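Reader: I am new to this structure. Please show it, and then I will ask about its parts.

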Amino acid sequence: MYKPHTFCRACDYGKPGAPGIKSAAPEKLIEVLDLGVQSLANDFCAPGTEQAGYAPLKLMLCPKCGLGQLSVVVNPSILYRHYSYVTSPSDMMHDHFVQLMKDIAWESDGNTVLEIGSNDGKLLAMMQEASYSTMGVDPAENLASLARSKGVPVTVGFFGSDLAKNLPVSDIVIARHVFCHVDDWHDFVKGLEAVSHKETLICIEAPYAENTIKKCEFDQVYHEHLSFLTIKSVMALLENTNLRLHRIMRYAIHGGAVLLMLRRKDSSKTTIEAFSENITVEDWKAFSVEARNQIDRLRSTVRTLVAQGKRVAGLGASAKSTVWINACGFTRKDIAFITDDTPQKQYTCSPGTDIPIVDPGAILRELPDYTVMWCWNFESECLKKNELYLSKGGKFIIPVPTIRIVP
């Protein structure tokens, strides 16, 4: 189901030497955070059905380039062949796509677009409306079907150098929140080179380690998120390739993300800006300590409320919620239910627990005293949508960056 990961996928720190040498390299990745053995974060199953399995959830650090990475790699076919995460329908996500398209148009006047990890095709459908010619690639057949229903052509498969041979060269290549899900970064870059011409703009959007550390967003640590990106690690990765880092943009989406704009080294476009970064081993160690404190605080808060006779529910059956719930050891005795907008998740259980996932209307039908907002990255929108619940005396527990109760 999974294999160990022992060397840095960006700079090869800790990788054994020449082929045939069986002895382990002296350099080793540094353990940062151990969340134990957990269910796969998006393995939402109906009660009584078999789960895909469990795997260690341990975050390791490369002391050379600063890349955070999990200690194991779960078989991607298990994770992605039928995937339950669907692009958020929120206004915040729509606005983000609008801004992303503006930023891309500022950098490129190209017309053909390839999106790697196209999910349900929402972004590409918007780009089609803006007269782009689009194509998607995604490993999940169920998501590819949703995209095709929007008129977006999608090739099903895992992107890499092999699949790239069968894809058209494009003016613009987009990979949103997929790069850090990939085990073999070097092969991924070979694939990017194969689908690019001299002036192709490559846009990689990913959560940024600096935000993860500063806000202690430890719930970003789950089995799909194999890496926690630093600029230094990307520079190391690209050093011996035909690509270079051209520009970096920051977005608030998903708790803090960066858009890495890459171009070929022979492109006529010059690099826009210099890059600097200062993420230390001590920063990661402090992150680990605070993550443990966050887990203890939420566990104590919820169980104290339940002991007082209060009913606690959850909002948003996200991968983040799975990490929190398993780390805290919550069961249905602690969290009565979780509401979610995604039909594929409703009437299943939170992975590894007996906590039911139900439709969004349950929050008003049941009126729990407190609701943990697992989807804290959409806080303002969630509060606005649930004004009636708040007016009826309901309260939200927001766990990141520190626990707050609203109102």
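Reader: Which residue with a positive phi follows H9?

Author: This is a predicted model, in which local features need pLDDT of at least 70, side-chain atom pairs count only at pLDDT 80 or more, and totals for chains, interfaces and linings use all residues. Residues are numbered from 1 along each chain as its sequence is written, and side-chain values use heavy atoms, with hydrogens and water left out. Helices (H or I, at least four residues) and strands (E, at least two) are DSSP runs, numbered from the N terminus. H9 covers residues 281–307, and the residue with a positive phi, near 90°, that follows H9 is Gly309.

Reader: What distance does H9 reach from its first C-alpha to its last?

Author: The expected span of a helix is 1.5 Å times one less than its number of residues. H9 has 27 residues, for which 39 Å is expected. The model comes close to that, and the distance reached is 39 Å.

Reader: Which residue forms a salt bridge with Asp334?

Author: A salt bridge is a side-chain nitrogen of Lys or Arg within 4 Å of a carboxyl oxygen of Asp or Glu. Here the closest N and O atoms are 3.2 Å apart, and the partner of Asp334 is Arg303. Asp334 lies in the loop between helix H10 (319–328) and strand S15 (338–339) and its partner in helix H9, so the pair ties together parts 31 residues apart in sequence.

Reader: What is the order of the strands in the open sheet of seven strands?

Author: Two strands pair if DSSP finds at least two bridges between them. Strand S8 (154–156) and strand S12 (243–251) each pair on one side only, which makes them the edge strands. Pairing within the sheet is mixed, and the order is S8-S7-S6-S9-S10-S13-S12.

Reader: Which residue in the turn between S3 and S4 has a positive phi?

Author: Strand S4 (residues 68–70) runs antiparallel to S3, joined by three bridges. The two strands form a hairpin with six residues between them, and the turn residue with a positive phi, about 80°, is Gly66.
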